[in-house]
Amino acid sequence: MTVACPDCDLLQRLPELPPGGKARCPRCGNTLATQPADPIDRPLALAITAAIVFIIANTGPLMGLSAVGRHASTTIVGGAYEMWLQGETITAVIVAFCAVIAPGSYILFMLTVLLAVRRPPAPPWIGQMLRWSEAMQPWSMAEVMILGILVALIKIAELATVEPGVGMYAVGGLVVLLPAIMVTFDSREAWKRVAWAGGSASPPSEKRNGIRAEVVQ
Ligand SMILES: [Zn+2]
């Protein structure tokens, strides 16, 4: 694979990297590529943690509030539903998609892929799931979760005393966990372990991989 150094524009071929290895630009020393030391088990551990934290974030109270002796609490979905009821439908849909649906399916797809590729060959449909997880990745925005929570918080704070709930701390955990999965996961390593229709589990070359990818859809 030929790449251009983002710092000095030097064109160069990327060598096959050993686990934990790095490729550096010979001219300016910029790191061009890294091969995670543990591309499957570490993201799997993070994905399992993220799944637990995600469940807590969506079931636990985001914040509790008390006003004149009454106590109430809300969740992320509850907050989005409240926005929907108040006529802010677009905001409600964005919050529900970016804070619940996208990260939830990203974590689910990653868990399935990582568990399946641990014992290669993984079935061909894992390749499709790997593509879906890549499609969901840019939409799994913990920042949007935080933003939605802040909007709700500011609205409620005018009316009552607000205390952060367990869901809030769980969202804080996801802000760290989701990027950690993306950084430690190496999709090339996962692709290598998918069995292609009619083929063996041997790592396909880049060209073969492209041709086969069309067959699987
Ligand atoms: Zn360079």
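The model is predicted, so local features need pLDDT of at least 70 and side-chain atom pairs count only at pLDDT 80 or more, while totals for chains, interfaces and linings use all residues. Residues are numbered from 1 along each chain as its sequence is written, and side-chain values use heavy atoms, with hydrogens and water left out. The protein comprises eight helices and seven strands; helices (H or I, at least four residues) and strands (E, at least two) are DSSP runs, numbered from the N terminus. Of its 217 residues, 40% are buried. Here buried means under 20% relative accessible area, exposed means over 50%, and partly exposed lies in between (1.4 Å probe, protein chains only).

**Overall contacts**

- Among the contacts in the protein with a separation of 6 or more, 60% are made by residues 24 or more positions apart.
- A contact means heavy atoms within 4.5 Å.

**Zinc site**

- The zinc ion has as its protein donors the SG atoms of Cys5, Cys8, Cys25 and Cys28, at 2.2 to 2.4 Å.
- Donors are N, O and S atoms within 2.8 Å of the metal (3.2 Å for Na, K and Ca); water is not among the atoms, so sites may look incomplete.
- The arrangement is tetrahedral because the four donor atoms subtend angles of 103 to 118 degrees around the zinc ion.
- Four donors count as tetrahedral if all angles lie between 85 and 135 degrees; four count as square planar and six as octahedral if opposite donors are over 155 degrees apart and all others between 65 and 115, and anything else is irregular.
- For reference, ideal angles at a metal are 109.5 degrees for four tetrahedral donors.
- The spacing of the donor residues in sequence is C-x2-C-x16-C-x2-C.
- Distant parts of the chain are linked by Cys8, in the loop between β1 (2-4) and β2 (11-13), and Cys25, in the loop between β3 (22-24) and β4 (31-34), which are 17 residues apart.
- Cys8 is partly exposed at a relative accessible area of 21%, whereas Cys25 is buried at 3%.
- Asp9 also lies in the loop between β1 and β2; this residue is exposed, with 59% relative accessibility.
- The phi angle of Asp9 is near 65 degrees, a positive value in a residue other than glycine.

- Helix α1 (residues 41-59) has 19 residues and reaches 27 Å from its first C-alpha to its last, close to the 27 Å expected at 1.5 Å a residue.
- The expected span of a helix is 1.5 Å times one less than its number of residues.
- Buried residues of α1 include Leu44, Ala47, Ala51, Phe54 and Asn58, and what covers the buried residues of this helix includes α2 (76-85), α3 (89-117) and α6 (166-184).
- One salt bridge is found in a search of the whole structure; the term denotes a side-chain nitrogen of Lys or Arg within 4 Å of a carboxyl oxygen of Asp or Glu.
- The side chains of Arg118 and Asp41 form a salt bridge at 2.9 Å, N to O.
- This pair links distant parts of the chain, with Arg118 in the loop between α3 and α4 and Asp41 in helix α1, 77 residues apart.
- Both partners are partly exposed, Arg118 at 46% and Asp41 at 35%.

- The twelve residues of α4 should span 16 Å at 1.5 Å a residue, and the end C-alpha atoms are 17 Å apart, which agrees.
- Buried residues of α4 include Ile126, Met129, Leu130 and Ser133, and their cover includes α3 and α7 (187-192).
- The rings of Phe109 and Trp132 have centres 5.6 Å apart and planes at 45 degrees, so the pair is tilted.
- Rings of Phe, Tyr and Trp (its six-membered ring) pair if their centres lie within 6.5 Å; planes under 30 degrees apart count as stacked, over 60 as edge-to-face and the rest as tilted.
- Phe109 in helix α3 and Trp132 in helix α4 (residues 125-136) are 23 residues apart; Phe109 is buried at 14% relative accessibility, and Trp132 is partly exposed at 42%.
- Glu134, in helix α4, is in contact with Ser187 and Trp191, leaving aside its neighbours within four places in sequence.
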